[in-house]
Amino acid sequence: MKEKARVLDNQAMSRSLSRIAHEILEHNRGTDNLAIVGIRSRGAYLAQRLAEGIKKIDGKEIPVGILDITLYRDDLTLLAAQPVVRKTEISFDITDKNIILVDDVLYTGRTIRCALSELIDFGRPKTIQLAVLVDRGHRELPIRADYVGKNIPTSQNETVEVRLEETDGRDEVAIVEK
Amino acid sequence: MKLLIKGGRVIDPENRMDEVLDLLVEGDKISKAEKNIKCPADKIIDAADKIVIPGLVDLHAHLREPGREDKETVLSATRAALKGGVTTILAMPNTSPAMDSPENVALLQEIIRRDAQTNVLICGAITMARQGRELTDIAGLKKAGVRAVSDDGSAVDNEQLFFEALKKAKEEKVLVTCHCEDRLLSNKGVVNLGFTSTRLGLRGISRESEYKRIERDICLAEKAKASIHIAHVSCKESVEIIAIAKKRGVHLTCEACPHHFSLSEEDVLDYDANKKMNPPLRGKEDVEAIRQGLKDGIIDAIASDHAPHTENEKDIEFERAEFGVIGLETMLAVSITELVSGGILNWPNLVRRMSLGPAKILGLDKGTLGAGCVADIAVVDPEKEWTVEKGGFVSKSRNSAFLGRKLKGVVEYTIHNGIIAYPFDNGICR
Amino acid sequence: MTWTRKDLLGLEYLSREEINLILETAESFKEVSSRDIKKVPALRGKTVVNLFYEPSTRTRVSFEVAAKRLSADVINIASETSSVRKGETLIDTGKNIEALKADILVIRHNYSGAANMLAEHLNISVVNAGDGWHEHPTQALLDIFTLKEKLGRIEGLEVVIVGDISHSRVARSNIWGLNKLGAKVTVCAPKMLIPAGIERMGARISYNIDQALENADAVNVLRMQFERDNEEAFPKQLEYFKDFGITRERLKRAKKNILVMHPGPINRGIELSSEVADGPGSVILEQVTNGIAVRMAVLFLTAQAGEEKK
């Protein structure tokens with residue numbers, strides 16, 4: 001594993017999230033019926049940060065949930081790499097809400113597909129919008145993000161590593177060669 | 001026909017012999033054991049680095065014929081015996097029909113005459129159909145040729161009846177072999193009672209069920225002034241009780257089985273029914289006591305308790321599986337591996353426990369290599385290692401407790417009545 | 001820690017870490033049962049066969065619900081209707097189920113070691129739903145899960161198991177599991193119902209329930225089957241209730257918040273009084289709920305490991 005490039009540092013990441021918060025508010029015309037759901041594990045932290053960003057701008061608390069998509073994966077064997085199945089925590093009714101689904105990296109689109117299936121089992125949101133910190137391309141499903149922190153063109157033998165204060169001790173995004 | 005076995009280490013405790021010698025066999029007899037015999041022979045066996053011992057005498061085997069020829073026959077069992085260096089077998093009476101009448105014994109004698117590849121002696125039943133209710137005609141059985149009586153597999157619970165049997169057997173000079181088990185105490189158990197039975201969730205067979213019955217049988221034998229032989233001693237207390245009785249002068253002999261001095265109850269933790277037998281594998285202390293008993297001579301003989309069963313009777317739930325394991329083909333190698341290599345017995349003592357001792361218990365003129373004796377001989381490579389495999393058995397059954405085990409000691413030749421009977425394809429077929 | 005066993009045969013064979021992994025996984029699965037749509041697609045397309053040689057409604061239903069909440073297909077085979085009566089061997093029955101391309105075989109059998117035997121002969125996952133007097137691992141796991149949920153820990157807890165220990169697979173699995181997680185286990189029964197060598201499994205023995213309950217954080221009350229075995233020594237029903245029955249009077253002398261557990265089905269007035277069964281310390285129904293989460297976790301983990309091994 002060789003690190004090839006540092007594409008976002010902590011300031012750039014903070015600016016991106018702040019911009020996305022503005023865009024979400026603009027697009028949804030405020031915070032009414034708005035809720036954020038992050039995908040475990042890094043998406044959950046990003047969701048929390050977006051909610052804080054929105055509160056800074058608009059002064060309103062919006063509900064935040066966490067989705068663990070392990071049980072919706074279509075490939076049991078890949079799960080072996082996953083240490084433990086964690087809980088999904090959505091303590092509010094998602095029906096008729098505008099849900100902002102948050103993940104760190106958008107790649108093939110399969111994770112988002114699983115997340116959509118699971119979300120829909122919780123109720124019938126008015127809309128589901130997707131926010132990601134990084135879109136690295138190579139989609140295998142017809143899925144696109146509504147809010148993107150940064151588009152980073154990559155090759156298949158690279159991975160994008162998002163590191164967050166909460167999990168990795170610092171905020172940055174790097175491209176790493178497999 | 002002259003057979004010369006050259007340069008082997010000849011071990012014959014009866015004649016205080018343990019040295020590298022040549023052994024000459026003429027006809028069915030051993031004619032001399034000397035250094036460098038120069039004599040033309042029809043066949044010469046090079047026994048350099050090999051051990052030459054009297055053929056083994058197994059006091060306890062179930063040949064299953066008549067009745068369960070799918071498990072074993074006289075032919076298949078005696079071929080298995082030859083592969084294991086065994087040349088004399090005492091066949092247990094729990095056949096179908098049981099050996100409880102002179103007619104049934106005659107029937108088996110006929111089969112033996114036709115098929116047996118080794119000496120086979122018959123052990124008659126003590127009670128009719130081994131039910132423990134009515135004594136058999138022990139005098140009649142003796143006339144038909146039985147050497148011993150036993151209800152093996154079952155014990156004779158009725159004391160009075162057993163006492164009668166002991167007196168009768170004494171009159172007729174037949175050996176009484178006791179299967180010592182108090183079934184009220186063994187309580188339908190399937191493994192040793194204790195931590196193992198509790199851990200496995202299985203019914204346990206207590207040690208008391210064995211040694212309390214041994215105590216009773218010794219007591220009755222003493223009262224009847226008869227001699228008895230205790231089969232398959234498996235626990236520490238039994239060895240202690242037997243030692244005390246022997247010291248007191250009771251006419252008493254006993255045997256232990258290879259699985260009881262080489263495996264313990266922990267070997268059955270995987271529910272392998274090939275390690276299910278009665279008496280069961282016991283604790284480590286018991287294994288140690290059996291080994292010590294063999295060393296001290298309190299235990300007179302090693303017997304196989306060869307008990308063949310089909311795979312259908314073993315590859316089922318542990319509690320439903322039959323009791324018993326085969327042993328004719330492994331008894332010598334297990335004994336070499338565990339006892340000789342383990343420093344428990346030297347070679348002369350091993351011969352005492354496996355050939356000479358059991359022959360004396362049966363009152364046979366066997367178990368020795370003296371000039372003039374019948375030539376029943378095993379030539380053994382004591383160092384050669386082999387692995388016990390399902391496909392390697394001559395017996396019709398494969399229910400060995402030693403499958404997968406690496407053992408030391410291979411029988412190269414078994415000579416029976418002066419003829420090389422094993423290997424089977426030696427070109428000098430009878 | 002990753003789960004690598006295709007089978008779950010007993011808690012004796014598991015490490016502390018493996019038991020904790022099942023418990024943690026079960027916590028996540030418990031949330032699924034609280035949703036409106038109590039179903040996740042994790043085992044979609046997998047087939048779970050419940051092969052039951054002993055009548056058992058609750059364990060079978062619990063496994064069935066667990067499998068269905070994971071979207072697996074479930075087939076139930078009971079011994080009355082199977083070819084068992086026609087003399088087919090257990091291994092043959094197992095191989096036939098494997099040939100149907102089932103993925104997990106859940107087995108309940110009256111003979112100890114039946115699950116071990118199937119696991120050895122089959123490539124598919126085998127989950128022991130109780131074998132003879134040997135083990136009932138999922139029951140013990142749900143007992144431990146409930147204890148942990150209620151008391152926040154297992155380490156250092158004092159747990160009393162009272163009843164017919166000799167014939168109890170629930171007791172054996174609980175002793176193994178609780179010991180591995182650092183709890184102190186006392187088994188309490190009349191002498192004739194304490195099996196030989198149980199202390200070597202890590203249980204203390206008591207013949208006096210009042211003494212045993214003194215410092216207990218929880219008491220697991222086993223079902224007493226007085227109809228069990230005519231041939232064996234067994235206490236008289238009334239005598240047993242007098243000496244070992246769990247009553248409100250008895251619990252008054254124990255710790256105030258002592259938990260009362262029971263693997264079910266309960267015999268009111270035989271091993272515990274109705275007041276206790278319905279009382280404040282009783283977590284008997286919560287055990288049933290938790291059983292589903294625990295079995296979902298077990299099915300999920302074994303299926304995943306089975307998939308790896310294919």
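Predicted model: local features only at pLDDT ≥ 70, side-chain atom pairs only at ≥ 80, totals over all residues.
Two residues are in contact here if their C-beta atoms, placed from the backbone, lie within 7 Å. By that criterion no contact joins chain A and chain B, and the closest C-alpha atoms of these two chains lie 28 Å apart.

Residues are numbered from 1 along each chain as its sequence is written, and chains are lettered from A and ligands numbered from 1 in the order in which they are written. The model scores ipTM 0.94 and pTM 0.91. For chain C the average pLDDT (the predictor's confidence in each residue, from 0 to 100) is 93, and 96% of the residues score at least 70.

The contact between chains B and C takes 18 residues from chain B and 20 residues from chain C. On the side of chain B that touches chain C, helix α6 (residues 195–200) of chain B gives the most, with 5 residues. That side of chain B divides into 7 nonpolar, 5 polar and 6 charged residues. In this classification Ala, Val, Leu, Ile, Met, Phe, Trp, Tyr, Cys and Pro count as nonpolar, Asp, Glu, Lys and Arg as charged, and the others, Gly among them, as polar.

Chain C also meets chain A, with 17 residues of chain C in contact with 15 residues of chain A. Two helices of chain C, α1 (16–32) and α11 (284–309), each supply at least two residues of the side that touches chain A. On that side of chain C, α1(C) gives the most, with 6 residues.

Two strands pair if DSSP finds at least two bridges between them.

Which strands are joined to β3(C) by bridges? Strand β1 (residues 47–52) of chain C runs parallel to β3(C) and is joined to it by 5 bridges. Asn50(C) has Val106(C) in β3(C) as its bridge partner, and Val49(C) stands opposite Leu105(C) in β3(C). Strand β4 (residues 125–131) of chain C is likewise parallel to β3(C), with 5 bridges between them. There, Ile107(C) has Asn128(C) in β4(C) as its bridge partner. The chain passes from β3(C) through helix α4 (residues 114–121) of chain C to β4(C) in a right-handed β-α-β crossover. Right-handed means that, with the strands pointing away from the viewer, the path from the first strand over the helix to the second runs clockwise.

Is strand β3 (residues 104–109) of chain C mostly covered or mostly uncovered? It is mostly covered, with 6 of its 6 residues buried. A residue is buried if 20 or more other C-beta atoms lie within 10 Å of its own, exposed if 12 or fewer, and partly exposed in between, with C-beta atoms placed from the backbone. In a regular strand the side chains alternate between the two faces of the sheet. In β3(C), Ile104(C), Val106(C) and Arg108(C) point one way, and Leu105(C), Ile107(C) and His109(C) the other way, all of them buried.

Some backbone details remain. In chain B, the peptide bond from Ser96(B) to Pro97(B) is cis, with omega near 5°, and Pro97(B) lies in the loop between β7 (86–91) and α2 (102–115) of chain B. The peptide bond from Asn278(B) to Pro279(B) is also cis, with omega near -5°.

In chain A, Arg29(A) has a phi near 55°, a positive value in a residue other than glycine. Arg29(A) lies in the loop between α1 (10–28) and β2 (34–39) of chain A and is exposed, with 9 other C-beta atoms within 10 Å.

How values were computed
Helix = DSSP H or I, 4+ residues; strand = E, 2+ residues; numbered from the N terminus.
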